[in-house]
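Please keep the viewer open while you read.

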Amino acid sequence: MPTPINLQLGWPSPRLFPREELALSTASSLSNLETVKQGLLYGPSLGHAPLRKSIASWLSSFYLPKSGPIPIERISISGGASQNLANILDVFSDPHITQRIWMVEPTYFLACTIFEDAGFSGKMRGVPENENGIDVKFLREELKAFTRQQEMHNGVLPPVKPPGSYDKIFKHILYLTPTFSNPSAKTMPTSVREEVLALAREFDILVVSDDVYEWLRWPADKSAPVDSKLAPIPPRLVDLDRATLGEDPWGNSISNGSFSKIIGPGVRVGWTEASTKMISRLSLNGATQSGGAPSQLTSTFIDPLLRTGALQKHIEEILIPTYRSRFHVLMSAIQNHLEPLGVKVTTGAPYTVAGKDEVLPAGGFFTYISFPESLPSADVIAKKAMEDYALKIAYGEMFVIRGDKSSLERSKSTFGRGARLCWAWHEEEEIEDGVRRLGELVKAMLTEATNS
Ligand SMILES: Cc1ncc(COP(=O)(O)O)c(C=O)c1O
């Protein structure tokens, strides 16, 4: 049996961790008695203030938001995007008042359990992607139909949570990864984000956006010079929300940021950006009131990484060049071993326009491929890949919205016929070998399909 290759795993390779930088920043924090006190006592509800300040300034210089630099009041510290999604639901949802969880399909599959934990089993619904990352028309129609149905049955139950202390419970949640999505790699253009936000305002939706891959981007074109200027990616939903915040101080979107993909998942530190009102209410969740801000000690280690520019340097000098090179190896391998067999890369339409002297970006951790229709479903292909070729891939059905029969049905003719491939874990030769193995399998299966 060949050495196992795992193109499913969405983890950064350990050799890419900023180990030395982290050793220095940790030592500097631990050598300062004041910082040690802050790190080892219960943290303030909003999180370690120096890190919040560093994040606000780092995000401001990265995103250049139209409304100006991001004030620290818009930022709180989380224990990573997963933990924070649970917190958001604790504070801004109620299983009786929040009627539906809309999830862009295919979805980051591990989010489904977080919604179930919060009492939303059976209430999750898929919103299909199109070339632009989300079918907004579909969502609008579904929301309208659902609202009519609700009115007819007049069946709203009393809140599960005590009235008074939960001052903003949204009627709907929309969960998405709008840039370099996991799993589809699609990115939503600005106009689509604006439509999503307009819908959110109209139907009282909280848009929870996992903005976890945006730092990792490079020219999509392999031949572009190393120092090419990238066309900007679209503004985050929270930036658009902030720029158009009207009478309602809550806003309708929340950005879930994380150091998991750019430092390492074990740091368990992330951040939230949203309106000041939403941020201060989020930090009043019960677990934080009792235990203080999540990941307090680690926050004191990460702050110097940001303040000194060490993390940004690591992203620019190590992560981006490595992932860029692996991305192109993967793409070439797909072109050589899979495309001649009818496999297609299906990562959506261009989402930005390259100005003069600019090039289009690619980025994130994943690409998505679709298998030819004559092949069995992707789960069968994935099982065979594992058994016969020691190759693991993430097959389409994994990304169905749990409990939504329509999502499962739609998947059969769309994303369910494909697979997600990741370049973050393995080195270039293993990526090339993994795709070559998949090519061999697809070829064998195509021959079998023709002969049967
Ligand atoms: C879209 C998305 N959200 C959240 C996470 C998990 O983030 P964290 O490690 O910050 O909990 C991942 C990790 O794969 C992801 O792809």
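The notes below go through domains, pockets, helix packing and backbone details.

This is a predicted model, in which local features need pLDDT of at least 70, side-chain atom pairs count only at pLDDT 80 or more, and totals for chains, interfaces and linings use all residues. Residues are numbered from 1 along each chain as its sequence is written, and side-chain values use heavy atoms, with hydrogens and water left out. The chain splits into domain 1 (5-15 + 312-451) and domain 2 (20-308), and both domains contribute at least three residues each to the lining of the largest pocket.

**Domains**

- The bounds of domain 1 and domain 2 come from an automatic or database domain assignment.
- Taken over C-alpha atoms, the centres of domain 1 and domain 2 are 26 Å apart.
- Their contact (heavy atoms within 4.5 Å) takes 43 residues from domain 1 and 51 residues from domain 2.

**Largest pocket**

- A pocket here is an open set of points on a 1 Å grid over the protein atoms alone, where a 1.4 Å probe fits, with protein on both sides within 12 Å along at least five of seven lines; lining residues have an atom within 4 Å of a point.
- The largest pocket holds about 800 Å³ of space, where grid points are joined across faces, edges and corners and a volume is the space filled by probe spheres set on the points.
- Its lining has 34 residues, and Phe-62, Tyr-63, Arg-217, Pro-232 and Ile-233 are the closest to the centre.
- At least two lining residues come from each of α3 (49-63), α7 (190-203), β7 (217-219), α8 (237-243) and α12 (310-338); helices (H or I, at least four residues) and strands (E, at least two) are DSSP runs, numbered from the N terminus.
- α12 supplies the largest share of this lining, six residues.
- By residue type, the lining of the largest pocket has 20 nonpolar, six polar and eight charged residues, where Ala, Val, Leu, Ile, Met, Phe, Trp, Tyr, Cys and Pro count as nonpolar, Asp, Glu, Lys and Arg as charged, and the others, Gly among them, as polar.

**Second largest pocket**

- The second largest pocket has a volume of about 510 Å³.
- Of the 30 residues that line the second largest pocket, Gly-10, Tyr-108, Leu-110, Asn-182 and Lys-261 lie nearest its centre.
- α4 (81-92), α5 (111-117) and β9 (253-258) each provide at least two residues of this lining, and α4 gives the most, with three residues.
- The lining of the second largest pocket comprises 15 nonpolar, ten polar and five charged residues.
- Domain 1 and domain 2 each supply at least three residues to the lining of the second largest pocket.

**Helix packing**

- Helix α1 (residues 19-30) packs with helix α11 (residues 296-307) at an angle of about 115 degrees, and their axes are 8 Å apart; axes are lines fitted to C-alpha atoms, for helices over the stretch in contact, and angles run from 0 to 180 degrees between N-to-C directions.
- α1 and α11 cross in a right-handed way, where a crossing is left-handed if the near helix is turned anticlockwise from the far one by less than a right angle, and right-handed if clockwise.
- Among the residues in contact are Leu-22, Ser-25 and Ser-29 in α1 and Phe-301, Pro-304 and Leu-305 in α11.
- The contact of α1 with α11 includes five nonpolar, five polar and one charged residue.
- Helix α13 (residues 378-389) and helix α15 (residues 428-451) also pack at about 115 degrees, with axes 10 Å apart, and their crossing is right-handed.
- Val-380, Ile-381, Lys-384, Ala-385 and Tyr-389 of α13 meet Arg-437, Leu-438, Glu-440, Leu-441 and Met-445 of α15.
- The contact of α13 with α15 has seven nonpolar, no polar and three charged residues.

**Backbone details**

- Glu-105 and Pro-106 are joined by a cis peptide bond with omega of about 0 degrees, and Pro-106 sits in the loop between β3 (100-105) and α5.
- A cis peptide bond also joins Asn-182 and Pro-183, with omega about 15 degrees; Pro-183 is in the loop between β5 (172-176) and α7.
- Leu-64, in the loop between α3 and β2 (75-78), has a positive phi near 45 degrees, although Leu-64 is a residue other than glycine.
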